[in-house]
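Here is a short tour of one structure, written to be read with the model open beside you.

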Amino acid sequence: MNRPALRKYVNPQFLSDLPEGPCYDAGHLVTVNAGWRTRKPVLDSEACTGCYICYMNCPEGVIFKSDDKVDIDYDFCKGCGICANGCPKDAIVMIREGEA
Ligand code: SF4
Ligand code: SF4
């Protein structure tokens with residue numbers, strides 16, 4: 001079975017060393033969402049304070065910094081809801097795919 005090659009992971013020394021782009025740009029993922037996600041996170045940028053808790057918690061690394069707040073790379077989000085569950089401002093809600 002041919003598996004996609006992953007780039008070598010280098011442990012960051014400082015928070016500022018973490019990639020600011022989506023996980024794909026950072027080289028941690030190599031294929032896009034295959035369409036199996038059933039729920040997706042929707043961000044309320046007005047409610048978001050830019051605390052980056054979701055950025056740190058997302059297991060897929062698909063939340064990225066954007067204009068002092070965050071954005072989500074839906075190509076690689078798996079819809080787990082961890083970001084919504086941990087947001088202290090309830091700025092992320094999970095909706096069914098196809099509802100928005
Ligand atoms: S955890 Fe909530 S408030 Fe903090 S950056 Fe993410 S969406 Fe914004
Ligand atoms: S639903 Fe899961 S994979 Fe998608 S952005 Fe939130 S924490 Fe990351």
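## Around Arg-37

A polar atom of the Arg-37 side chain lies 2.8 Å from the backbone oxygen of Cys-77. The side chains of Arg-37 and Glu-97 are joined by a polar contact of 2.5 Å; such a contact is a pair of N or O atoms within 3.5 Å, where within protein one must be able to donate a hydrogen and the other to accept it, and residues adjacent in sequence count only if both atoms are side-chain atoms.

This is a predicted model, in which local features need pLDDT of at least 70 and side-chain atom pairs count only at pLDDT 80 or more, while totals for chains, interfaces and linings use all residues. Residues are numbered from 1 along each chain as its sequence is written, and side-chain values use heavy atoms, with hydrogens and water left out.

Arg-37 sits in the loop between helix H1 (23-26) and strand S1 (39-43); helices (H or I, at least four residues) and strands (E, at least two) are DSSP runs, numbered from the N terminus. Is Arg-37 buried or exposed? It counts as buried, because its relative accessibility is 11% and buried means under 20% relative accessible area (1.4 Å probe, protein chains only).

| Lysine | Ring | Distance from ring centre |
|---|---|---|
| Lys-40 | Tyr-74 | 4.4 Å |
| Lys-65 | Tyr-52 | 5.4 Å |

Tyr-74 is also among the residues that Arg-37 touches, contact meaning heavy atoms within 4.5 Å.

Note on methods
Chains lettered and ligands numbered in written order. Lys NZ or Arg CZ within 6 Å of the ring centre and 35° of its normal. Buried < 20%, exposed > 50% of the residue type's maximum accessible area, 1.4 Å probe, protein only. Lists of a residue's contacts leave out its neighbours within four places in sequence.
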